[in-house]
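Got a model open and wondering how to read its features one by one? Let's walk through it as a chat.

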Amino acid sequence: MTEILTLTPDDALAMLLEGNQRFIAGAPEHPNQDAARRSETAPAQSPFAVLFGCSDSRLAAEIIFDRGLGDLFVVRTAGHVAGTEVLGSIEFGVSVLGCPLVVVLGHESCGAIAAACAAADGGSTPAGFVRDVVERVMPSVLAARAAGHDQGEQILHEHIRHSVDLLLERSRVLAERVADGRLAVVGLSYRLADGSARLVTAHGLSGAAV
């Protein structure tokens, strides 16, 4: 637990990506998933990263990053769209739990992005509250196309960057901690076929980490 509490943002990202490499290679270690860890974390939690990702069923954070109980503070919404509840949850992970890293995790073949692209092309917009999700993704789709990017991966990366920037613009807590070196906020893009998570954008990492 003490080791986790003293991690730098660079260290936290390295741990996360090392776990992803084990997952890709088919050699997961399944750390912190036993009865001893369950007992250790019962009184309190000290996660080393906030993971803000899409709700897609193929993006189970502890599996794809080979982590266990108490390691990740996970917040998920369709299309990783951020409302006030999400911002409050992420700020809790950073300011109360002391996480040195916030990760926005997007992925290929995202249904929310596909729906926003379809709506931008003149198709129907979903009904109910799904419409709100699509409308929150739409600015990323329009920004990518305005820049001449119309490929799926390009639009995904634009949405990941937009989500990261939105967190820092709307949350003074996050922005101040990034400015004073206590926090990094990064965006990762996940490939469903091979399980890899690649860095798309980063604020607060050292040059060596990037």
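Predicted model: local features only at pLDDT ≥ 70, side-chain atom pairs only at ≥ 80, totals over all residues.

Q: Let's start with aromatic rings. How many aromatic pairs does a search of the whole structure find?
A: The general idea is that a pair of aromatic rings is described by the distance of the centres and the angle of the planes. Here, searching the whole structure turns up one aromatic pair. The partners are Phe 73 and Phe 92, with ring centres 5.9 Å apart and planes at 35°, so the pair is tilted.

Q: Where in the chain do Phe 73 and Phe 92 sit?
A: Phe 73 belongs to strand β2 (residues 72-77) and Phe 92 to helix α5 (residues 84-96). They are 19 residues apart, and the pair links distant parts of the chain.

Q: Is Phe 73 buried or exposed?
A: Phe 73 has a relative accessible area of 16%, so it is buried, since the cut-off for that is under 20%.

Q: On to the backbone. What is phi of His 30 near?
A: As background, most residues other than glycine have a negative phi. For His 30, phi is near 50°, a positive value in a residue other than glycine. You'll find His 30 in the loop between α2 (9-25) and α3 (35-41). With a relative accessible area of 45%, His 30 is partly exposed.

Q: And what about phi of His 80?
A: That angle is near 35°, again a positive value in a residue other than glycine. His 80 lies in a loop too, the one between β2 and α5. Its relative accessibility is 2%, so His 80 counts as buried.

Q: Now the annotations. Which residues does UniProt list for "binding site"?
A: An annotation is something to check against the coordinates. The unreviewed UniProt entry lists Cys 54, Asp 56, His 107 and Cys 110 under "binding site". These residues are spread over 57 residues of sequence, yet they cluster in space, with a largest C-alpha distance of 8.7 Å. Of these residues, His 107 and Cys 110 are included in the lining of the largest pocket.

Q: What does His 107 touch, leaving out residues up to four places away in sequence?
A: With those neighbours set aside, His 107 touches Cys 54, Asp 56, Arg 58, Leu 59, Leu 156, Tyr 190 and Leu 192. Two of the names there, Cys 54 and Asp 56, are also in the UniProt list. His 107 itself lies in strand β3 (residues 101-107) and is buried, with a relative accessible area of 2%.

Q: Where is the place of Cys 110?
A: Cys 110 is in the loop between β3 and α6 (111-120). Its relative accessibility is 6%, so it counts as buried. Not counting residues up to four places away in sequence, Cys 110 touches Cys 54 and Gly 79.

Q: One last residue. Which helix is Arg 161 found in?
A: Arg 161 is part of helix α8 (residues 152-170). At 30% relative accessibility, Arg 161 counts as partly exposed. Beyond residues up to four places away in sequence, Arg 161 touches Gln 154, Val 200 and Thr 201.

Methods. Residues numbered from 1 in each chain as written. Heavy atoms only, no water. Helix = DSSP H or I, 4+ residues; strand = E, 2+ residues; numbered from the N terminus. Buried < 20%, exposed > 50% of the residue type's maximum accessible area, 1.4 Å probe, protein only. Contact = heavy atoms within 4.5 Å. Phe/Tyr/Trp six-rings, centres within 6.5 Å; stacked < 30°, edge-to-face > 60°. UniProt positions renumbered as here; feature names shortened; annotations may be inferred. 1 Å grid on protein atoms, 1.4 Å probe; cavity = no way out; pocket = protein on both sides within 12 Å on 5 of 7 lines; lining within 4 Å.
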